[in-house]
Amino acid sequence: MLQRQSTLSLVMIAMFAAITAIGAFIKVPLPVVPFTLQIVFVFLAGCLLGSRHGFQSQLVYIGIGLVGLPVFTQGGGITYVLQPTFGYLIGFALAAFVIGLMLERVEVPTKKHFIAANIVGLIIIYAVAVPYLYVSLNFWLHMKTSWTHIFLVGFLNSIVADFCLAIASALLAERLYKVFQSARSIHYASA
């Protein structure tokens, strides 16, 4: 049973890592920080896989990018940690973990639980990403930039769209949640 459980978990982790990578290429180019659909898959990973596996899916995504596969919006490789947008990737992993953790604490999550968890996840992403953007531009890339400019390009440019995606992802996750739980139950029962 443990082997089958591990196999299902690995498949789901790999699948969410892959679709997060695909989301990086569905983008609207904006100055400094492009708008992508990655965040949808981060929300879904946390909601559907839970804290541990949602977090692991994002770590796998980050890991394959850092070893050199061009899965990030601007390529890949270890030096990507110096990119201004790398803070968003860190935020993705933390958000997936917290979203999953919040939902795991509720016996039967409802629409409001999914929405609340995704909004908290969104706050976490921006809480990590915006300061990282400031540090990266000002200290590593020596592009002197004010907090006002960082707030504009790192937060205001995309927060409304990301908020809408958080709500939409929560509504989708609520519908998919039962399917994912049923698949796990059936898989574990047959093991």
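Reader: Before we start, what should I keep in mind about the model and its numbering?

Author: Residues are numbered from 1 along each chain as its sequence is written. The model is predicted, with local features needing pLDDT of at least 70, side-chain atom pairs counting only at pLDDT 80 or more, and totals for chains, interfaces and linings using all residues, while side-chain values use heavy atoms, with hydrogens and water left out.

Reader: Okay, which elements does the protein chain have, and in what order?

Author: Helices (H or I, at least four residues) and strands (E, at least two) are DSSP runs, numbered from the N terminus. Here you get six helices and two strands, running α-β-β-α-α-α-α-α from the N terminus on.

Reader: How many aromatic pairs are there?

Author: Rings of Phe, Tyr and Trp (its six-membered ring) pair if their centres lie within 6.5 Å; planes under 30 degrees apart are stacked, over 60 edge-to-face, and the rest tilted. That rule gives 13 aromatic pairs. Take Phe114 and Tyr177: their ring centres are 5.4 Å apart and their planes sit at 70°, so this pair is edge-to-face. It also links distant parts of the chain, as Phe114 is in helix 4 (residues 111–140) and Tyr177 is in helix 6 (residues 159–190), 63 residues apart.

Reader: Are Phe114 and Tyr177 buried or exposed?

Author: Buried means under 20% relative accessible area, exposed over 50%, and partly exposed in between (1.4 Å probe, protein chains only). Both Phe114 and Tyr177 are buried. Across the protein chain, 45% of the 191 residues count as buried.

Reader: And what about Phe151 and Phe155?

Author: Those two make a stacked pair, 4.9 Å centre to centre with 25° between the planes. Both sit in helix 5 (residues 147–156), four residues apart, about one turn of the helix. Phe151 has a relative accessible area of 40%, so Phe151 is partly exposed; Phe155, at 23%, counts as partly exposed too.

Reader: Which rings are linked into a cluster?

Author: Ring pairs join Tyr61, Phe72, Tyr80, Phe86, Tyr132 and Trp140 into one.

Reader: Which charge lies over the face of Phe139?

Author: A charge sits over a ring if NZ of Lys or CZ of Arg is within 6 Å of the ring centre and within 35 degrees of the ring normal. Lys144 does this for Phe139, at 5.6 Å from the ring centre.
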